[in-house]
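I am keeping notes on what I looked up in this structure. Each entry covers one topic.

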Amino acid sequence: MLKKQTTIRHFSESFKLKILSELSAGKYTKRELSRLYNIGYTTINDWIRKYKREDLMNQRITVQTMDELSTCKGASKEIKKLKELLLKKDLDALVLDSYLEVASKGIRL
């Protein structure tokens with residue numbers, strides 16, 4: 001049975017730095033560089049870590065208006081209140097179950 005042969009590619013330091021400089025200049029995105037040079041997306045991330053260029057890693061920035069922010073805060077408060085109510089309801093049900101268990105034991109005696 002024949003095994004699939006894989007090609008191991010080694011990239012020079014200057015090539016890696018060229019890719020990172022193109023990325024930092026904003027010339028291309030990681031996805032575009034990956035397709036353009038036939039490099040794995042994760043390989044580029046590995047080079048970013050190797051050369052300590054965390055500024056090139058993906059960053060998520062959330063931009064919200066004041067209305068959206070207040071809506072999110074209100075929703076968070078409501079979720080917190082609902083969780084507390086649910087916890088109270090569960091505790092009440094547990095207490096009722098305990099009362100029923102004690103009452104059923106008392107009847108059997």
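Which residue just after H3 takes a positive phi? I found that it is lysine 52, with a phi of about 50°. I note for the record that the model is a predicted one.

Entry on the core. I asked which residues make up the largest nonpolar core. There are ten: Phe15, Ile19, Leu20, Leu23, Leu33, Ile39, Ile44, Trp47, Ile48 and Leu56. At least two residues of this core come from each of helix H1 (13-24) and helix H3 (41-50). H1 gives the most, with four residues.

Entry on tryptophan 47. Leaving out residues up to four places away in sequence, the contacts of tryptophan 47 are Phe11, Phe15, Lys16, Ile19, Leu20 and Ile39.

Entry on H3. I checked which residues of H3 are buried, and they are Ile44, Asn45, Trp47 and Ile48. Viewed down the axis of H3, these buried residues fall within an arc of 160°, so they line one face of the helix.

Entry on H2. Here the buried residues are Lys30, Leu33 and Ser34. Down the axis of H2 they fall within an arc of 100°, so they too line one face of their helix. The face of H2 turned away from this buried side carries Arg31 and Arg35, which are exposed. The cover over the buried residues of H2 includes H1 and H3.

Last, I asked which residues make a nonpolar surface patch of about 310 Å². The patch is made by Leu87, Leu91 and Leu94. I followed up one of them: leucine 94 is found in helix H4 (residues 66-108). Is leucine 94 buried or exposed? Its relative accessibility is 54%. Exposed means over 50%, so leucine 94 counts as exposed.

Conventions. Residues numbered from 1 in each chain as written. Predicted model: local features only at pLDDT ≥ 70, side-chain atom pairs only at ≥ 80, totals over all residues. Heavy atoms only, no water. Core = buried A, V, L, I, M, F, W, Y, C linked by side-chain atoms within 4.5 Å. Buried < 20%, exposed > 50% of the residue type's maximum accessible area, 1.4 Å probe, protein only. Contact = heavy atoms within 4.5 Å. Patch = residues over 30% accessible without salt bridge, like charges linked within 9 Å, V, L, I, M, F, W, Y side chains within 5 Å. Areas by Shrake-Rupley, 256 points an atom, 1.4 Å probe, with all protein chains shown as cover. Salt bridge = Lys/Arg side-chain N within 4 Å of Asp/Glu carboxyl O. Arc of directions from axis to C-beta.
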